[in-house]
Amino acid sequence: MSADATAHDLVEAAWRDIRDDGHVRKELAEAAYAEPRLRQLFPWTGMGELHFSRCTGKRWTWDIPYVQPAIGGGYRICGPLRTQSIGPAATAEEAIAVVVEHLPPGCGPAFAGTPAELAAYEDDARIRSAAEE
């Protein structure tokens, strides 16, 4: 099995778990899964929040905004760091649209590995690209 197939399988399994486990609002999980750019990322949850990672291994990446439930309904879009707030959204679909607007450049399918392994892979890719120029 290729690394791409492994990453895809890990991402799909994580999405199945998130859509079934009830740790985030069902409408949020479904809206995120319906968005192809987010569906290719590794989803994870914590404290009712829905996060997205560019890699499948823990501690995951923290360079993508995340969605948390707002008191009284609706959502808050934060991040990518915990100290950053992007703003509110009335619906899950609006929250997901805001996350997509704030995806980092070149945010593609999740990488099978840890953030450190992803960084090394990206560094190698930059070096190869620079050598080809």
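Analyst: Rings of Phe, Tyr and Trp (for Trp, its six-membered ring) are taken as a pair if their centres lie within 6.5 Å, and the pair counts as stacked with planes under 30 degrees apart, as edge-to-face with planes over 60 degrees apart, and as tilted for the rest. What follows concerns a predicted model, in which local features need pLDDT of at least 70 and side-chain atom pairs count only at pLDDT 80 or more, while totals for chains, interfaces and linings use all residues. Residues are numbered from 1 along each chain as its sequence is written, and side-chain values use heavy atoms, with hydrogens and water left out.

With the pairing rule in hand, Phe42, Trp44, Trp60, Trp62 and Tyr66 form one aromatic cluster. By this rule the count comes to seven aromatic pairs. The centres of the rings of tryptophan 15 and tyrosine 33 are 5.5 Å apart and their planes stand at 65°, so this pair is edge-to-face. Because tryptophan 15 lies in helix H1 (residues 3-21) and tyrosine 33 in helix H2 (residues 26-34), the pair ties together parts that are 18 residues apart in sequence. Helices (H or I, at least four residues) and strands (E, at least two) are DSSP runs, numbered from the N terminus. Tryptophan 15 is buried, with a relative accessible area of 0%, and tyrosine 33 is buried as well, with a relative accessible area of 19%; here buried means under 20% relative accessible area, exposed over 50%, and partly exposed in between, with a 1.4 Å probe and protein chains only.

Tryptophan 44 and tryptophan 62 form an aromatic pair that is edge-to-face, at 5.5 Å centre to centre and with 75° between the planes. This pair links distant parts of the chain, since tryptophan 44 is in strand E1 (residues 42-46) and tryptophan 62 is in the loop between strand E2 (49-53) and strand E3 (66-69), 18 residues apart. Tryptophan 44 is buried, with a relative accessible area of 10%, whereas tryptophan 62 is partly exposed, with a relative accessible area of 30%.

Two arginines also belong to the picture of the rings. A charge sits over a ring if NZ of Lys or CZ of Arg is within 6 Å of the ring centre and within 35 degrees of the ring normal. Arginine 19 lies over the face of tyrosine 33, at 4.0 Å from the ring centre, and the charged end of arginine 25 sits over the ring of tyrosine 75, 4.8 Å from its centre.

Along its principal axes the C-alpha trace spans about 55 × 30 × 25 Å, and buried residues make up 41% of the 133 residues. Among contacts (heavy atoms within 4.5 Å) between residues at least 6 apart in sequence, 47% join residues at least 24 apart.

Finally, a disulfide is a pair of cysteine sulfur atoms within 2.5 Å, and by this rule the count comes to zero disulfides. Cysteine 78 is in no disulfide, and the nearest cysteine sulfur, that of cysteine 107, is 18 Å away; at 6% relative accessibility, cysteine 78 counts as buried. Cysteine 107 is likewise in no disulfide, with the nearest cysteine sulfur, that of cysteine 55, 11 Å away, and at 15% relative accessibility cysteine 107 counts as buried.
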